[in-house]
Amino acid sequence: MEKLAKILVVVLILLVAAVPLLGQQIIAQPETIELRARMPENGGWSQEFIYGLVNVPIKLRMTSDDVVHSFALAQSSLPSVEIFPGKFSETELVFDQPGEYTFYCTRWCGANHWRMRGTIVIEGPASSDQPTSVPPLFLQLGLDLDAPHFARVIPSNRPESARASERTNALPDGLTDGENIWSKSPEALWKDLKADEDLDDQSVWDMVAWGLNQQGSSGWMGQGRELYTQNCLACHSESGRGDGVMVRDLPPMNHDKMGSEATRPPDFSDPAVLLGASPALLEGKIIRGGMGTGMPYWGNIFTSEQIRSLVLYLYSFQMELEERP
Amino acid sequence: MTLPKFISILAKPILGLTLAVLALTAPLSLPPTQPVERYFRIEASQFAYSPGVLQVNPGDQVTIDLVATDVVHGIYIDNYELQASADPGQTARLTFTADQAGLFRFRCLVPCGQLHPFMLGKLQVGPNQLFLRAVLLSLAGLLLVLWKKPLSTISI
């Protein structure tokens, strides 16, 4: 009888010891990472790097320590997640390819908002061959992004894409070749076309607008407008004049003193600025940023398609372009 | 015949009380104003609105453009229960008819930092009635103080 009691006691003690261990096994869930968002002045994301494995979900539990932030994954179509102080937002990410992914804040959280970026490092085997990345056109052409590029030939009226498409059915050769259009400024295209075609100045400008317009993928204008509104407008302003709320107290841009201080962006409402810039140049500026103005770099945030839509949208400050059906 | 003594003692307090009640409750009939359209551009920065006080007349058609200049800010107008929030660079617009008279607070809707709870402004619809009544009350008090002539000498 005494022996039975001893055994019972031992079994009970083992059982008590087993409960927490078994419990931990049962409730064990994918690791949740707590990510705190703070204004860049206060430290930015609490984790600059997040590590994970291919096809293993990463659970993020996010909150803000100060103002409204938002979590978004760069170059992806995932909707951004709003992060409010005092509340927790959760999201789950799965990556099927190893690599480095950028995450960033999409709500303006201060003057240095754009610095709020971090990296997710995913390790593991690649499931398929990654497409080899082609260097962007501005690198292939060796463009100097910081050189002044003011157009000398200015149209007397706003170039209109629709006017050209009404007049003729076919684009001239120079305006169907995508690489030709992307590597030349509208002014250079105009000069080429003016030499070849027997048209008045304004008609040639309309042709150039039409050619650029044809470069957009479907929905480019809406996409470009949305990207501009969310990411560019606070500095470049709605009118494109470059006097947005974040930069209006800064000195205007000056090519001679480039890099000495942060300045306002150039004035897109001035035809000389945009008509002298090739799409490849604008693309490069968006990818790399800088230009001595303090502009952020967007190369690892936007997809190349998004950047193309944005570039074409910029030309709509100087031309009447239209959304393609 | 003179007034009974108790009346002459109480006369001044009663008169004062009557005047005070009148000053505080009498309907102030002010000339009605022609409704106009009013436009305000409010710049919101941490942690204030500029301008912080908006004055309109009842019936006015009010348009408020809210411009955030540093972080995301919002606006919520008490009683009117209107709200909007603006990201820097993206102006938010509120349009409404000022159909409720009085003084209303508006406050930031979006947590915008440590002092966010103190980010307040005022919407004044119509004249400042409280101030006008305070002036009337002070005048009534002044009248009683300056009125030295004893009431007991008044004869009916």
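In the predicted model, 71% of the contacts in chain A with a separation of 6 or more join residues 24 or more positions apart. Of the 325 residues of chain A, 36% count as buried.

The secondary structure of chain A comprises 10 helices and eight strands. Chain A has a radius of gyration of 27 Å, whereas the globule rule gives 20 Å for 325 residues. The value for chain A is well over that of the rule, so the chain is more spread out than a compact globule. Along the principal axes, the C-alpha atoms of chain A fill a box of roughly 115 × 45 × 35 Å.

Chain A is assigned two domains: domain 1 spans 32-123 and domain 2 spans 137-315. Their C-alpha centres lie 31 Å apart. Contact between these domains involves eight residues of domain 1 of chain A and eight residues of domain 2 of chain A. On the domain 1 side, five of the touching residues are nonpolar and three are polar. No charged residues occur on that side.

Chain B is also divided by the domain assignment. Domain 1 of chain B is made up of two segments, 5-30 and 133-153. Domain 2 of chain B covers 37-126. The C-alpha centres of domain 1 of chain B and domain 2 of chain B are 41 Å apart.

The two chains also touch each other. Here 16 residues of chain A are in contact with 13 residues of chain B.

Terms used:
Residues numbered from 1 in each chain as written. Chains lettered and ligands numbered in written order. Predicted model: local features only at pLDDT ≥ 70, side-chain atom pairs only at ≥ 80, totals over all residues. Domains from an automatic or database assignment. Helix = DSSP H or I, 4+ residues; strand = E, 2+ residues; numbered from the N terminus. Rg over C-alpha atoms; globule rule 2.2 N^0.38 Å. Buried ≥ 20, exposed ≤ 12 C-beta atoms within 10 Å, placed from the backbone. Contact = placed C-beta atoms within 7 Å. Nonpolar A, V, L, I, M, F, W, Y, C, P; charged D, E, K, R; others polar.
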